[in-house]
Amino acid sequence: MKALHFGAGNIGRGFIGLLLSQSGYEVIFSDVNKTVVTELQQRGEYTVTLASAAREQLHVTGVTAIDGTDANTVTSAVAEVDLITTAVGVNILKHIAAGIASGIEKRIANGAGRLHIIACENAIGGSTQLKELVYALLDDTTKAKASEVIAFPDAAVDRIVPLQHHEDPLAVMVEPFYEWVVDASAMFEGYRPVKGVHYVQNLLPYIERKLFTVNTGHCAAAYLGGLKGYETIQQAMADEEIVSAVKATLKETGAVLVARYDFDKTEHDQYIDKIIGRFRNDQLTDEVTRVGRSPIRKLSPNDRLVKPAMQAHELGMSPVQLAKVMAAALCFDHADDPESAELQQSIRDKGVGQTIADYTSIPEGHPVYNLVLESYGSIADQRK
Ligand SMILES: NC(=O)C1=CN([C@@H]2O[C@H](COP(=O)(O)OP(=O)(O)OC[C@H]3O[C@@H](n4cnc5c(N)ncnc54)[C@H](O)[C@@H]3O)[C@@H](O)[C@H]2O)C=CC1
Ligand SMILES: O=P(O)(O)OC[C@H]1O[C@](O)(CO)[C@@H](O)[C@@H]1O
């Protein structure tokens with residue numbers, strides 16, 4: 001059994017590739033990083049280290065790689081494999097869609113079997129987004145045939161894998177915890193389960209619980225920590241003022257999640273505590289710039305800040321803390337991050353009010369908009 005995984009980066013090697021390999025798949029990574037591709041081709045294996053005191057090492061074998069810039073090779077790989085997964089970043093899905101589309105055309109021409117394509121990105125409906133990008137490139141006849149043999153189940157993936165700084169370009173250190181949840185309702189009957197994956201009939205509560213707790217909390221630590229000059233999440237989470245603010249943020253998203261999905265409040269509070277413990281893992285060093293990266297994506301209407309804030313508002317709550325984190329995100333100023341640079345330029349050119357409206361899609365004058373603007377003003381006053 002062969003799996004093609006797009007993105008041999010931190011999550012690709014440290015999580016998805018690892019589980020696929022442990023499930024007996026021969027894993028073919030597709031990546032545009034030539035060093036990583038060549039190393040995977042030459043060595044066929046790599047090591048994952050668990051970031052705990054014991055530093056357990058897991059050896060991933062039976063892997064190889066293809067050059068993601070070589071369209072013909074990508075097409076052939078898509079045509080021959082039994083499973084496709086991705087962890088490239090949700091904004092990169094558009095760049096892999098063409099290879100998947102031409103591979104699907106080839107599969108259909110060859111009469112190949114059914115295929116699941118699972119996007120493992122931090123987003124609601126990542127596989128559905130990929131499907132739309134791929135289908136936009138297919139003609140109507142191929143789309144009709146593809147809908148019978150190709151499925152795009154959405155997924156939620158959770159494992160903290162910081163930027164890696166090892167001599168070995170394939171080595172990767174990951175936190176011990178992981179959760180990979182897949183929407184089984186969108187899969188073909190008789191699918192081959194991947195060991196360690198939790199298949200559920202209704203993914204939305206899982207993806208929202210994960211995105212609006214792990215990812216909201218993590219970016220809160222990054223943006224609020226960044227305001228205080230911290231460089232790592234571990235430094236930020238050693239500051240009790242930041243910990244209290246992160247907890248207060250997760251109390252807001254928690255209230256929304258409990259109300260929307262009828263989660264048990266005590267269990268949800270325990271989930272929050274566990275996640276705060278994961279952020280504090282001092283066996284890892286996780287940079288504020290990584291966790292806060294791409295602030296435009298993180299401030300977009302369907303993502304970890306705006307969506308729960310608007311849901312809170314609809315439920316009659318005032319998301320004061322989420323608004324503070326959004327304001328801190330607007331202050332995330334790192335020239336190396338293209339989205340941060342764009343946001344700062346927008347604030348300089350159009351002012352913060354217009355920037356909030358443009359990037360969050362929260363209309364000017366909306367109560368949540370006003371909260372963000374006020375918080376931004378308070379931060380600006382404190383910085384004077
Ligand atoms: N790092 C983490 O802790 C977690 C990350 N995620 C999600 O996983 C995804 C990947 O994140 P990371 O692994 O951290 O990023 P990363 O930057 O380490 O890995 C992304 C990989 O995709 C490759 N890539 C870029 N364009 C490509 C293309 N056209 N074809 C093939 N490969 C291409 C890059 O070269 C890189 O190796 C993101 O959506 C992220 O939100 C989800 C959960 C945890
Ligand atoms: O990968 P993104 O969406 O930029 O955000 C980083 C997030 O990914 C994670 O690494 C895992 O979900 C979190 O640490 C962090 O919240």
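From which domains does the shell around ligand 2 draw at least three residues each? Here are some friendly notes, with the answer in point 2.

1. **Ground rules.** This is a predicted model, in which local features need pLDDT of at least 70, side-chain atom pairs count only at pLDDT 80 or more, and totals for chains, interfaces and linings use all residues. Residues are numbered from 1 along each chain as its sequence is written, while chains are lettered from A and ligands numbered from 1 in the order in which they are written.

2. **The shell and the domains.** The shell around ligand 2 takes at least three residues from each of domain 1 (2-202) and domain 2 (205-383). These bounds come from an automatic or database domain assignment.

3. **Who is in the shell.** Around ligand 2 you will find Asn122, Asp158, Ile160, Val214, Asn215, His218, Cys219, Val291, Arg293 and Ser294. Four of the shell residues come from helix 7 (residues 204-227), the largest share. By class, the shell has four nonpolar, four polar and two charged residues; Ala, Val, Leu, Ile, Met, Phe, Trp, Tyr, Cys and Pro count as nonpolar, Asp, Glu, Lys and Arg as charged, and the others, Gly among them, as polar.

4. The C-alpha centres of domain 1 and domain 2 are 28 Å apart. Their contact involves 17 residues from domain 1 and 17 residues from domain 2, with residues in contact if their C-beta atoms, placed from the backbone, lie within 7 Å. On the side of domain 1 that touches domain 2, eleven residues are nonpolar, four polar and two charged.

5. **The chain overall.** The chain has 17 helices and twelve strands; helices (H or I, at least four residues) and strands (E, at least two) are DSSP runs, numbered from the N terminus. Its radius of gyration is 21 Å, close to the 21 Å that the globule rule gives for 384 residues, so the chain is as compact as a globular protein of that length. That radius is taken over C-alpha atoms, and the rule is 2.2 Å times the number of residues to the power 0.38.

6. **Helix 13.** Seven of the nine residues of helix 13 (residues 306-314) are buried, so this helix is largely enclosed by the rest of the structure. A residue is buried if 20 or more other C-beta atoms, placed from the backbone, lie within 10 Å of its own. The buried residues of helix 13 pack against helix 7, helix 9 (240-261), helix 14 (320-330), helix 16 (352-360) and helix 17 (367-383). Just after helix 13, Gly316 has a positive phi of about 85°.

How values were computed: A residue is near a molecule or strand if its C-beta atom, placed from the backbone, lies within 6 Å of it. Two residues are in contact if their C-beta atoms, placed from the backbone, lie within 7 Å. A residue is buried if 20 or more other C-beta atoms lie within 10 Å of its own, exposed if 12 or fewer, and partly exposed in between; C-beta atoms are placed from the backbone.
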